[in-house]
Amino acid sequence: MRVCRRPQVAALVLSATLTAVASPCFAETLSPTRVHNPQILQNSYIDLLALMSGHCKTLKVAGRTFACKTVAYAHGDKGRVNFSVAVDDPSDANHVVSFSGENGKRADDNSYELPIDRMLLNSKDRPKVDGLPVPAEQTSTGICRQTGNFAAKKVNDVTCSATDSEGRRYELLFVSDGTPVSVRRIRQSAPSIQDPFR
């Protein structure tokens, strides 16, 4: 099943999914942020989507603190991975922040590490394609770490830290509530993870 034609459309699908499953609670609103938004020319399809239930002990976006409910892992068939966070923002149902990177590695069966090279920032003020906002891309450096694994449908936590090219910091500490991870294989493709155990 084809899900998207471009990474921006993949992000739209993920944004819509996260918006649908996120439950609102009180949080600050994020003021508009100037971002660099380069175009990515390669086509990409999401082939694996995992939704994790729990809460954010820490979610900081450009220095501001927010709450969240859901984190999703999305793997593209060209190897790009997003840890996307549905921000609990009562004033913006489209508020999604994604830590995005490639070349993730497993140290063992219960730990995964993803180098971050960009942040994807979505809000109700972004331009729309097919009625959904297209995220702004901000070149960044950082890392995400996940403990647990999708094969067992159990993830304990996800921690991410990144700094964008404008010096803004993004932090995430997501802790699972113990609910099994909902994993959907959308399309078959070759794995992109570097796994020393295979």
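A: In this predicted model, there are seven salt bridges. As background, side chains of opposite charge can pair when their charged atoms come close.

One of the salt bridges joins R80 to E102, with 3.5 Å between the closest N and O atoms. R80 has a relative accessibility of 13%, so R80 counts as buried. E102 has 27%, so E102 counts as partly exposed.

A further salt bridge is formed by E137 and R118, and here the closest N and O atoms are 3.9 Å apart. Both partners lie in strands: E137 belongs to strand β10 (residues 136-149) and R118 to strand β7 (residues 111-122), so the pair connects parts that are 19 residues apart in sequence. E137 counts as buried because its relative accessibility is 5%. R118, at 19% relative accessibility, also counts as buried.

D164 and R168 make another salt bridge, with the closest N and O atoms 2.9 Å apart. D164 is buried, with a relative accessible area of 5%. R168 is buried as well, and its relative accessible area is 17%. Some salt bridges share partners, and in this way R80, E102, D117, R118 and E137 are joined into one network. Two of the pairs described above, R80 with E102 and E137 with R118, have their residues in that network.

Now the sulfur links. In general, a disulfide is a covalent bond between the sulfur atoms of two cysteines. The structure has two disulfides.

One of them is formed by C56 and C68, whose sulfur atoms are 1.7 Å apart. The angle about the S-S bond is 80 degrees, and the link of C56 and C68 is right-handed. For C56 the relative accessible area is 11%, so C56 is buried. C68 counts as buried too, at 6% relative accessibility.

The other disulfide joins C144 to C160, with an S to S distance of 2.0 Å. The link of C144 and C160 is right-handed, with 115 degrees about the S-S bond. This pair links distant parts of the chain, 16 residues apart: C144 is in strand β10 and C160 is in strand β11 (residues 154-164). Both C144 and C160 are buried.

The pairing of the cysteines can also be written as a pattern. When the bonded cysteines of the protein chain are numbered in sequence order, the pairing is 1-2, 3-4.

E137 of strand β10 pairs with R118 of strand β7, and C144 of strand β10 is linked to C160 of strand β11. E137 is buried, and C144 is buried.

Conventions
Residues numbered from 1 in each chain as written. Predicted model: local features only at pLDDT ≥ 70, side-chain atom pairs only at ≥ 80, totals over all residues. Heavy atoms only, no water. Salt bridge = Lys/Arg side-chain N within 4 Å of Asp/Glu carboxyl O. Buried < 20%, exposed > 50% of the residue type's maximum accessible area, 1.4 Å probe, protein only. Helix = DSSP H or I, 4+ residues; strand = E, 2+ residues; numbered from the N terminus. Disulfide = S-S within 2.5 Å.
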